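I will write down what I looked up, entry by entry, with the cut-offs beside the terms.

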Amino acid sequence: MGHRILHSSAALRVSGLTRMTSIDFPGKLAAVVFCQGCPWRCGYCHNPDLLDATAPAAMAWGAVLAFLRQRQGLLDAVVFSGGEPLLQPGLVAALQEVRSLGFATGLHTGGMYPERLSAALPHLDWVGLDIKAPEGDYARITATPGSGAKAWAGLQCLLANGVVFECRTTWHPGLFPFADLLALGRSLQARGVRHWAVQQCRTPDAVPWHWTAEQQAALAQGWHGFTLRNS
Ligand code: SF4
């Protein structure tokens, strides 16, 4: 059994590693493993080099494990990010290995594979789910028809499971109006989401703007946890 797990996660294509961060897993010191490949094509993607699923791994999974063994007792958690980690069949085995080393496990996902997300949840302590927009605006943002239904199904999956999670929305005024962002937050609250992070999009084509105090107060209202971030 152990041998099969090692064989499976060895296929995880890792494109990079952040050795220590305090902002990618709330309340924990974490390493971040970046996974290669994503089927969507968001105009504001900050990791375009990670999107090609066929690109060779920049780092062997065994090297990641060797690094983590040196950090036992020093780091609390490992977050799998990307790209889209759920694209890779080796993810669950990798999560199991990371947990067996004593680390909490986290996942950043776009929610595009609700069934794979369900299968991974027993092996996860925390999830950051992108909710990029109201469902009808998704295809325009991700350049992928049907993407909105997938992401919102991913949200239902998290709500039904009871895992601790945060919804994350990347926004600038060119994507959709502020009123829609506010309504998006209210809609998430109404479904039972407790933690929301709004990430200010700073791509070169995004018009520069600043939150007003009123906007910040309106966004933050009613959450158990609310964060404004620069992305
Ligand atoms: S889902 Fe995430 S990784 Fe994929 S293209 Fe969009 S921003 Fe980039």
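Which residue stands opposite Glu166 in strand 6? I found that Gly128 stands opposite Glu166.

**Before going further.** I noted that this is a predicted model, in which local features need pLDDT of at least 70 and side-chain atom pairs count only at pLDDT 80 or more, while totals for chains, interfaces and linings use all residues. Residues are numbered from 1 along each chain as its sequence is written.

**Entry: the whole chain.** I looked up the elements of the protein chain and found eight helices and eight strands, where helices (H or I, at least four residues) and strands (E, at least two) are DSSP runs numbered from the N terminus. The radius of gyration is 17 Å, close to the 17 Å that the globule rule gives for 231 residues, so the chain is as compact as a globular protein of that length. For this, the radius is taken over C-alpha atoms, and the globule rule is 2.2 Å times the number of residues to the power 0.38. The C-alpha atoms fill a box of roughly 55 × 35 × 30 Å along the principal axes.

I then looked up burial, and 39% of the 231 residues count as buried. A residue is buried if 20 or more other C-beta atoms lie within 10 Å of its own, exposed if 12 or fewer, and partly exposed in between, with C-beta atoms placed from the backbone. As for contacts (two residues whose C-beta atoms, placed from the backbone, lie within 7 Å), residues 24 or more positions apart account for 72% of those with a separation of 6 or more.

**Entry: strand 6 and its partners.** Strand 6 covers residues 165-171, and seven of its seven residues are buried. In a regular strand the side chains alternate between the two faces of the sheet. In strand 6, Phe165, Cys167, Thr169 and Trp171 lie on one side and Glu166, Arg168 and Thr170 on the other, and both faces are covered. Strand 6 pairs with strand 5 in the parallel sense over four bridges, and with strand 7 (residues 195-200) in the parallel sense over five bridges; pairing here requires that DSSP finds at least two bridges between the strands. In strand 7, Gln200 is the bridge partner of Trp171.

**Entry: strands 3 and 4.** I also followed strand 3 (residues 77-81), which pairs with strand 4 in the parallel sense over four bridges. Val78 has Thr105 as its bridge partner in strand 4. Five of the six residues of strand 4 are buried, so this strand is largely enclosed by the rest of the structure.

**Entry: helix 6.** The 15 residues of helix 6 (residues 147-161) should span 21 Å at 1.5 Å a residue, and the end C-alpha atoms are 21 Å apart, which agrees; the expected span is 1.5 Å times one less than the number of residues. Its buried residues include Lys150, Ala151, Leu155 and Leu158. I noted that the buried residues of helix 6 pack against strand 4, helix 4, strand 5, helix 5 and strand 6. Just after helix 6, Gly162 takes a positive phi of about 85°.

**Entry: backbone exceptions.** Most residues other than glycine have a negative phi, and most peptide bonds are trans. Ala143 is not a glycine, yet its phi is positive, about 55°. Ala143 lies in the loop between helix 5 and helix 6 and counts as exposed because it has 12 C-beta neighbours inside 10 Å. A cis peptide bond, with omega about 10°, joins Gly82 and Gly83, and Gly83 lies in the loop between strand 3 and helix 3.

**Entry: around the ligand.** What surrounds the ligand? Among the surrounding residues I listed Cys38, Trp40, Arg41, Gly82, Gly83, Glu84 and Thr142, where a residue is near a molecule if its C-beta atom, placed from the backbone, lies within 6 Å of it. By class, the shell has five nonpolar, five polar and two charged residues. Here Ala, Val, Leu, Ile, Met, Phe, Trp, Tyr, Cys and Pro count as nonpolar, Asp, Glu, Lys and Arg as charged, and the others, Gly among them, as polar.
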